[in-house]
Number of protein chains: 2
Amino acid sequence: MEVERITSRKSPVVRDAASLLQKAEKRSEAGLFMAEGARLCADAARSGTEIAVCFYTETAEKKYGEYLRPVIRTAEQTYCIAEHIAPLLSDTKHPQGIFCVCKIPHNLPEARAAARVLVLENVQDPANMGTILRTAEALGVLCIALVGACCDIFSPKVVRGSMGAVFRLHFERYVRAEDCADALGRRGLTALATVPDDRAVPITEIPFETGRWAVWIGNEGNGLTEAALAVCAQRVTIPMRGRAESFNASTAAAIVLWEMMRKVKEGDADHG
Amino acid sequence: MEVERITSRKSPVVRDAASLLQKAEKRSEAGLFMAEGARLCADAARSGTEIAVCFYTETAEKKYGEYLRPVIRTAEQTYCIAEHIAPLLSDTKHPQGIFCVCKIPHNLPEARAAARVLVLENVQDPANMGTILRTAEALGVLCIALVGACCDIFSPKVVRGSMGAVFRLHFERYVRAEDCADALGRRGLTALATVPDDRAVPITEIPFETGRWAVWIGNEGNGLTEAALAVCAQRVTIPMRGRAESFNASTAAAIVLWEMMRKVKEGDADHG
C-alpha cells in the first residue's frame, strides 16, 4: 500500500490535527481528539476506538512496528510524516512519532445499566483527572458522570494520564448537580458525597456489596459544592489520623472506589 | 519588635534562601529547606519544625496575619521583604509572600519502633512523592524508608504536595534495597513487594491486623527493581479488572496503605 508522505509544516491535515491539541471546543466541534505514543495508539485500536487518521515517522515505524501495524489497519487515513513534523502533533517533549486522530465515542446506552457510577464534580486538574480515570477502570467502575466545570477528558494530558482508560470508559455529562442526581436517581443509584469531615459516615460502614451507588468526588481545592452536597443522600468519609486535613482528590477517589469494589464480588463488575 | 527590611535583590540572606529552592545537594549540605505559603509555614511552626528564617511581605502580613504570627514567634530571624523580592524566594507562579527557611529534622530514634513502614524505591516524580507522603500521614503510616534514587523530599514541590506531611513524618534513607531490608528485618518487619502481577497474593489476604509490615512501592514506570523483589518476603498485588495494566504509584500506595490501616484497630496507629 502506498502511504502518502507529508513534509510540509503547512499541510492542512497536520494543522487540523494539531489544532485538536489545544482547545476543548475544537475537539468537541470536530468530535475528534488526539492520542500519541506507540502503546497508547495501539491501545486505541485494540479498544475499538474509531481512528480517523494515523501519522507516523519512519523512525517510529522501525522502532515501534509491532504497535503501529494494528493502528494502520484500523485508521481511515494514514500518513508518513517527516521527523520535523512530529513536534507539531505532540504534547510531549520527546514524541515517539506515532499519532492518532480518534473519534470521540458516543455514549452507549448499556452503560446506563451500571450499578456503580463515579461522579466527578469540577475536577479541574488534568493530571488528577487522568489518574482518577485510570484507577476507576482498573477497579472496574466503568461509568463516569462529569458534573459542572470538569477539565476536558479528551485533552492530550488526560488521555495519556488515563493510560487509555478514556477509550473504554463511558461518560455522561451534566451541567448541574441536580440534573445528575435526578438522572442517576431514576436509575436507582444512591448518591454518596465524599467529604473530609469526621462526622460523616466512614466508608467502611457503607454496604457497597448490595444496592446501587453513585460515589461523588469534588474539586481538588474546594471539595463538593453546596448544590452537590444537597442532592446526595449521604455524606461519607475516609477516616483520617493525625494532623492531615484531607486527601488529594485522586487518592480519595482511589480509596473509596477500592473500598466499594472490594466488597463487590469478583466477576460482578459492571461491563455495561 | 523592630523587623529588618530587605529591598535589595542582592541581599545575601535572600540569595542563600533562594539557593535552597534549586538543588538537593544545597539543601543537604546546609541542612535547610524552604517552605512557602501562609498555611504551610504556619503548619511548619505548629509541627515543631525549627524555623531558621521567616520572610514576609507587607501585603502578606495584612492578608495572612493570623497564619504569620506563630511563624514569626518561632523563627530565629525574621525579615520584611519588598514585594519584588518575593518571586526570588518562590517556586510558584503566584507567591503569597510568606516563606520559611526550615531545618531538616533529625530522625527520631522512636520512629524505629514503628510496626508499619512504607518503603519507596526510586520514586522520582515530586508530585507523586508529595501525594504519597500526604496519604501516608493521613492513614497513620508515619515512618517512610527511601531507597535508591528517590527525588528529594525537601524540594519545594514535594513539601507543598505533601501538605506539610514532610514536617511530621520520619524518614530513613538507604542506598541499596538489601540494606533497607536488613535494617527493617532486624526490627521484625516483614517486607511486602507491591507488584502489578495477578499471580501475587491479593492485598486483601494479608493479615495486616497482626504482625509488623514494610510495604514496598517501586518506581512510577518500572516498578520495583530485581534487587528489591529479591529481598522482599512476599509479592502482593491489588486485584485489577479489565484491560488496565497497573495503577499509578501514588494510587497503588494509597490502596495498599488504606487496606493495611483499615485492618489495624483505631487508636493503634504508630505515633513513633
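These notebook entries record what I looked up in a predicted model with chains A and B.

**Conventions.** I number residues from 1 along each chain as its sequence is written, and chains are lettered from A, with ligands numbered from 1, in the order in which they are written.

**Entry 1: the interface.** I count two residues as in contact if their C-beta atoms, placed from the backbone, lie within 7 Å. On this basis 25 residues of chain A and 25 residues of chain B take part. For elements I use DSSP runs numbered from the N terminus: helices are H or I with at least four residues, strands are E with at least two. On the side of chain A that touches chain B, the elements giving two or more residues are α5 (126-139) and α9 (249-263) of chain A. The largest share, seven residues, is that of α5(A). By class I find 11 nonpolar, eight polar and six charged residues on this side; Ala, Val, Leu, Ile, Met, Phe, Trp, Tyr, Cys and Pro count as nonpolar, Asp, Glu, Lys and Arg as charged, and the others, Gly among them, as polar. Of the interface residues of chain A, 100% are also interface residues in chain B, so the copies meet through the same surface.

**Entry 2: helices of chain B.** I call a residue buried if 20 or more other C-beta atoms lie within 10 Å of its own, exposed if 12 or fewer, and partly exposed in between, with C-beta atoms placed from the backbone. In α5(B), 12 of the 14 residues are buried, so the helix is largely enclosed by the rest of the structure. These buried residues pack against α9 of chain A, and also against β6 (116-121), β7 (143-147), α6 (156-161), α7 (165-168) and α10 of chain B. Just after α5(B), I note a positive phi of about 90° at B:G140. Helix α10(B), residues 249-263, is mostly covered, with 13 of its 15 residues buried. I checked its span of 22 Å from first C-alpha to last, which is close to the expected 21 Å; the expected value is 1.5 Å times one less than the number of residues.

**Entry 3: domains of chain A.** The bounds, from an automatic or database domain assignment, are 4-103 for domain 1 and 109-263 for domain 2. Their centres, taken over C-alpha atoms, are 31 Å apart. The contact between them takes 13 residues from domain 1 and 10 residues from domain 2. On the domain 1 side, α2 (24-30), β2 (32-36) and α3 (38-46) each supply at least two residues, and β2(A) gives the largest share, four residues.

**Entry 4: strands of chain A.** I treat two strands as paired if DSSP finds at least two bridges between them. Strand β5(A), residues 98-103, has five of its six residues buried. Five bridges join it, antiparallel, to β2(A), where A:L32 partners A:K103. Five bridges also join β3(A), residues 51-56, to β5(A), again antiparallel, with A:Y56 opposite A:I98.

Key. Predicted model: local features only at pLDDT ≥ 70, side-chain atom pairs only at ≥ 80, totals over all residues.
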